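Work through the exercises below with the model open beside you. Try each task before you read its solution.

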Amino acid sequence: MAFGRSSRKKPLVEPVTLKILVAGGFGVGKTTLVGAVSEIRPLRTEEILSEAGRPVDDLHGVENKSTTTVAMDFGRITLRDDLVLYLFGTPGQDRFWFLWDELAQGALGAVVLADTRRLEESFAAIDYFERRGIPFTVAVNCFEGAQRFPAESVRGALDLDPEVELLMCDARDRESVKNVLVAVVEHALVLADRPAAPVPT
């Protein structure tokens, strides 16, 4: 029996795989972002919000939300033939924060997704990555009906360091999300190339 040659070409080089976290407060659009850009069916660990969780789950501003991520979201995107990103979406509620340290291991960088209607929900994620020295980019998810603010106003409200990039995005739009992910990778690689600061003696 004769077999035809496969038309699929093998990659000339094995792609580099990088781990990126997608973090932020409860209901800011992390699951949506991962799903919008993933080239595989994303792994989701969503559960229906229950009456038992109402005392601890703050639904202010996201009253129509009916599900929540209880472990992580996972997706994959190929940015170039030689570069693949693995995306890990973190749970947004305080009671699942114990998972963050596990998810953060080996991460090149992170996206902190923010909602200008509840900007205070972003502070914990920003603080987490600053304390651990993990490079991050802030992406403001532009929800329909939400008031738009200039990027500099949002930057000031979040008290971001000058080197932290802030972008406006639509977590539902693949190209918008890709632009954010490219910015995260570029930012993290620039920081990785910097010489370490000398230790004071």
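**Exercise 1: an aromatic cluster**

W100, Y128, F129 and F136 form one aromatic cluster. The model is predicted, so local features need pLDDT of at least 70 and side-chain atom pairs count only at pLDDT 80 or more, while totals for chains, interfaces and linings use all residues. Residues are numbered from 1 along each chain as its sequence is written, and side-chain values use heavy atoms, with hydrogens and water left out.

Task: classify the ring pairs W100–Y128 and F129–F136.

Solution. 
- Step 1. Rings of Phe, Tyr and Trp (its six-membered ring) pair if their centres lie within 6.5 Å. Planes under 30 degrees apart are stacked, over 60 edge-to-face, and the rest tilted.
- Step 2. Search the whole structure. Six aromatic pairs turn up.
- Step 3. Take W100 and Y128. The ring centres are 5.2 Å apart and the planes stand at 75 degrees, so this pair is edge-to-face.
- Step 4. W100 is in helix α2 and Y128 in helix α3, so the pair ties together parts 28 residues apart in sequence. Helices (H or I, at least four residues) and strands (E, at least two) are DSSP runs, numbered from the N terminus.
- Step 5. Take F129 and F136. Their centres lie 6.2 Å apart with planes at 35 degrees, so this pair is tilted.
- Step 6. Check burial. Buried means under 20% relative accessible area, exposed over 50%, partly exposed in between (1.4 Å probe, protein chains only). W100 is buried at 1%, Y128 at 5%, F129 at 1% and F136 at 4%.

**Exercise 2: the buried side of a helix**

Task: find which residues of α3 are buried, and what they pack against.

Solution. 
- Step 1. List the residues. A125, I126, Y128 and F129 are buried in α3.
- Step 2. Look down the axis. These residues cover an arc of only 160 degrees, which puts them on the same side of α3. The arc is that of the directions from the helix axis to the C-beta atoms.
- Step 3. Recall the geometry. An α-helix has 3.6 residues a turn, so residues three or four places apart point the same way.
- Step 4. Find the partners. The buried residues of α3 pack against β1, α2, β6, β7 and α4.
- Step 5. Look past the end. Just after α3, G133 takes a positive phi of about 70 degrees.
- Step 6. Repeat for helix α1 (residues 30–37). K30, T31, L33, V34 and V37 are buried there. They span an arc of only 165 degrees around the axis, which puts them on the same side of α1.

**Exercise 3: a β-α-β unit**

Task: how do β7 and β8 run, parallel or antiparallel?

Solution. 
- Step 1. Count the bridges. Four join β7 to strand β8 (residues 166–169); two strands pair if DSSP finds at least two bridges between them.
- Step 2. Read the direction. β7 and β8 run parallel.
- Step 3. Find a facing residue. V140 stands opposite M168 in β8.
- Step 4. β7, α4 and β8 make a right-handed β-α-β unit. Right-handed means that, with the strands pointing away from the viewer, the path from the first strand over the helix to the second runs clockwise.
- Step 5. Inspect the loop between α4 and β8. D159 is found there. D159 has a positive phi, near 55 degrees, in a residue other than glycine. At 62% relative accessibility, D159 counts as exposed.

Note on methods:
Contact means heavy atoms within 4.5 Å.
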